[in-house]
Amino acid sequence: AAESYYNQAVIEVTEGIVSSRVGLDWLPESLLMAGSAYEKLNLNEAANNVYKQVSIFYKDSAWATESKKRMAALPPS
């Protein structure tokens, strides 16, 4: 039961982060953490979507570079 609660909590928190306003300073790093959490839950499509958002909204940044690396490392879906 605890694992189920953890999974649901991670999903709900990361959905809140993904829905945040793009201009917030803390957002790109939080999105990367959300993507990592999705990966740990084997929700690779969700992780890919989060990383894609970072690479689009923060292009030409170190965050985008890291997101692209993480997308490339995801297993094929």
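Author: The radius of gyration is taken over C-alpha atoms, and the globule rule is 2.2 Å times the number of residues to the power 0.38. The model here is predicted, so local features need pLDDT of at least 70 and side-chain atom pairs count only at pLDDT 80 or more, while totals for chains, interfaces and linings use all residues. Residues are numbered from 1 along each chain as its sequence is written, and side-chain values use heavy atoms, with hydrogens and water left out.

Reader: What makes the radius of gyration of the protein chain agree with a compact globule?

Author: The rule puts a compact globule of 77 residues near 11 Å; the protein chain has 12 Å, which agrees. Along the principal axes, its C-alpha atoms fill a box of roughly 40 × 30 × 15 Å.

Reader: How do you know which elements the protein chain has?

Author: Helices (H or I, at least four residues) and strands (E, at least two) are DSSP runs, numbered from the N terminus. The protein chain has four helices and zero strands, in the order α-α-α-α from the N terminus on.

Reader: Why is threonine 14 called buried?

Author: Buried means under 20% relative accessible area, exposed over 50%, and partly exposed in between (1.4 Å probe, protein chains only). Threonine 14 has 4%, so it is buried. This residue lies in helix α1 (residues 2–18). Of the 77 residues of the protein chain, 31% count as buried.

Reader: What does threonine 14 touch, not counting residues up to four places away in sequence?

Author: Contact means heavy atoms within 4.5 Å. On that count threonine 14 touches Ala34, Ala37 and Tyr38. Tyrosine 38, leaving aside its neighbours within four places in sequence, is in contact with Ile11, Thr14, Glu15, Leu43, Ala46, Ala47 and Val50.

Reader: Which residues make up the largest nonpolar core?

Author: A nonpolar core is a set of buried Ala, Val, Leu, Ile, Met, Phe, Trp, Tyr and Cys residues joined through side-chain atoms within 4.5 Å. The largest has 11 residues, among them Ile17, Leu27, Tyr38, Val50 and Leu74. Helices α2 (27–40) and α3 (44–57) are the elements that give two or more residues to this core.

Reader: Why is asparagine 42 called exposed?

Author: Its relative accessibility is 62%, so asparagine 42 counts as exposed. The residue sits in the loop between α2 and α3, and its phi is near 60°, a positive value in a residue other than glycine.

Reader: Is aspartate 60 buried or exposed?

Author: Aspartate 60 is exposed, because its relative accessible area is 80%. Its place is in the loop between α3 and α4 (62–73), with phi near 65°.
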